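Please keep the sequence and the structure in view while reading.

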Amino acid sequence: MRYLLVCSLVGLMAGCSSANGGSGGDTGGGSSSQFTPGCTGAPACGTCGSCYDSCNCVNQNPTMCATYCGTSAPTGSGGSTSISPPPGSGGDVSSVGGSPTTSTGGSPTTSTGGSPAGGGTTAAGGTTSASGGSTSTGGSTAITGPAGTKEFEINTATFQVPAGGEVYQCQNFKNPVGQDIAILESYSTMAPGSHHMFVFHGSSYDADTNSTATCSGTEFADYIHSAQTPNQEILYPANVGRSLVGTDGLRILAHYLNSTTDTLTGQVNVKFFYSDPSAVQYLAADIFLNKIDISVGAGMVTQSSSYTTPFEMKLLGAVSHMHKRGVGFVAKTSTGTTLYQGTTWDEPVANNFNPALEIPSGTGITWTCSYDNETGMTLTFGESAATNEMCIFTGTFYSTDPNNKGTPMEDAAAF
């Protein structure tokens, strides 16, 4: 729960805007490879897969990235702790929770908690106030956009997660913009105890609810942001954005697990930076490949599924999703390219591709999950991370084919 994973998705992922993570920019320089255990040399942006490398790739801020990733900053590092959205998105600032408010002042700043797991002081009731272009939810880590940046924020109400408990909570939000936009960057924060979250979009969600409500963990819809880590930034490459039409409302789904002996307070905050759709040439979408017919018997078990891409894609990022008994994951193309490989079921680190990985139409993708099932029972697909299992390959891509602009690739889509 302690990592800031910028430049990565559950959902979730996009390419870095910088060519590499080695220089410290205006923060005093230094090679990120000094502070990324397991990396050798000066890895290209996103290729190492470590917390520090991915963070410094986007922010060029060794001090901030060292703090979040539990490493040491280079000598003489300093500078701002801001994460800036792409330029050229100017305009007003909207902030929305249970009751949306709008601010048009200055250079907007959002604080999202003192710790990378959410920290700080959270606001009850799902409301967010904005004054003078600044929105604060506690703590001291800022995400600052340039003056005139268009942005909006949605925050769930707080909800309780009992000791040893597992909950799914959902909340709807009216579209605060009311016109078609292209999302250039999004950033989410989840309070401690999180497992994953989605921001779905659709016309049926276009009305504010003032609190969260229990919902199904297998609910699924088109989404514009997702995360499996407490802090998640999605930054799209130049000329690429994520579409949100003006008639679509938003719905946050949050999955929380509490392994402690105390009650936890959950909350999800998501901030979007956007422009007019004419500012981007390509629309990003999700690839979401889900094996829902899994049957995990006792002991060591391996499950595989395959999918053929219906059109060409430029993959920006990829990650796995498994539950508690998952011990290994690998996704490869039919040409032998590894798209993702990992051993972590909780907070997996995304694999980012910069430049985007080109995958031709008709390419096969096989994803395989390995499990260590010590329960003595057969586990099947389901929402509980404790008593069910999942095997999902997910990522973000865009297509240069104009017939498939923003079209998702989804197979057996249920979460």
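Two strands are said to pair if DSSP finds at least two bridges between them, and the strands themselves (E, at least two residues), like the helices (H or I, at least four residues), are DSSP runs numbered from the N terminus. The model is a predicted one, in which local features need pLDDT of at least 70 and side-chain atom pairs count only at pLDDT 80 or more, whereas totals for chains, interfaces and linings use all residues. Residues are numbered from 1 along each chain as its sequence is written, and side-chain values use heavy atoms, with hydrogens and water left out.

**The chain as a whole**

The secondary structure of the protein chain consists of 2 helices and 29 strands. Of its 415 residues, 57% count as buried, where buried means under 20% relative accessible area, exposed means over 50%, and partly exposed lies in between (1.4 Å probe, protein chains only). The accessible surface of the chain comes to about 14,300 Å², of which 49% belongs to carbon and sulfur atoms; such areas come from the Shrake-Rupley method with a 1.4 Å probe, and for residues only the protein chains shown count as cover. Among the contacts (heavy atoms within 4.5 Å) with a separation of 6 or more, 83% are between residues 24 or more positions apart.

**Strand 15 and its partners**

Strand 15, which spans residues 240-244, is mostly covered, since 4 of its 5 residues are buried. Strand 10 (residues 181-190) pairs with strand 15 in the antiparallel sense over 3 bridges, and Ala182 has Ser243 of strand 15 as its bridge partner. Strand 19 (residues 282-290), by contrast, runs parallel to strand 15 and is joined to it by 2 bridges, with Leu283 of strand 19 as the bridge partner of Gly241.

Strand 13 is joined to strand 11 (residues 194-202) by 4 antiparallel bridges, and Phe198 stands opposite Ser226 in strand 13.

**Disulfides**

The structure holds 2 disulfides, a disulfide being a pair of cysteine sulfur atoms within 2.5 Å.

| Pair | S to S distance | Torsion about the S-S bond |
|---|---|---|
| Cys170 and Cys215 | 2.1 Å | about 80° |
| Cys369 and Cys391 | 2.1 Å | 95° |

With its torsion of about 80°, the disulfide of Cys170 and Cys215 is right-handed. Cys170 lies in strand 9 (residues 166-173) and Cys215 in the loop between strand 12 and strand 13, so the pair ties together parts that are 45 residues apart in sequence. Cys170 is buried at a relative accessible area of 4%, and Cys215 also counts as buried, at 13%.

The link of Cys369 and Cys391 is likewise right-handed. This pair links distant parts of the chain, with Cys369 in strand 26 (residues 364-373) and Cys391 in strand 28 (residues 391-398), 22 residues apart; both Cys369 and Cys391 are buried.

**Surroundings of Leu379**

Leu379 is found in strand 27 (residues 379-380) and is buried, with a relative accessible area of 4%. Leaving aside residues up to four places away in sequence, Leu379 touches Ile294, Ser295, Val296, Arg325, Asn373, Thr387 and Glu389. The C-alpha atoms of Leu379 and Ala298 are separated by 8.3 Å, although these residues are 81 residues apart along the chain.
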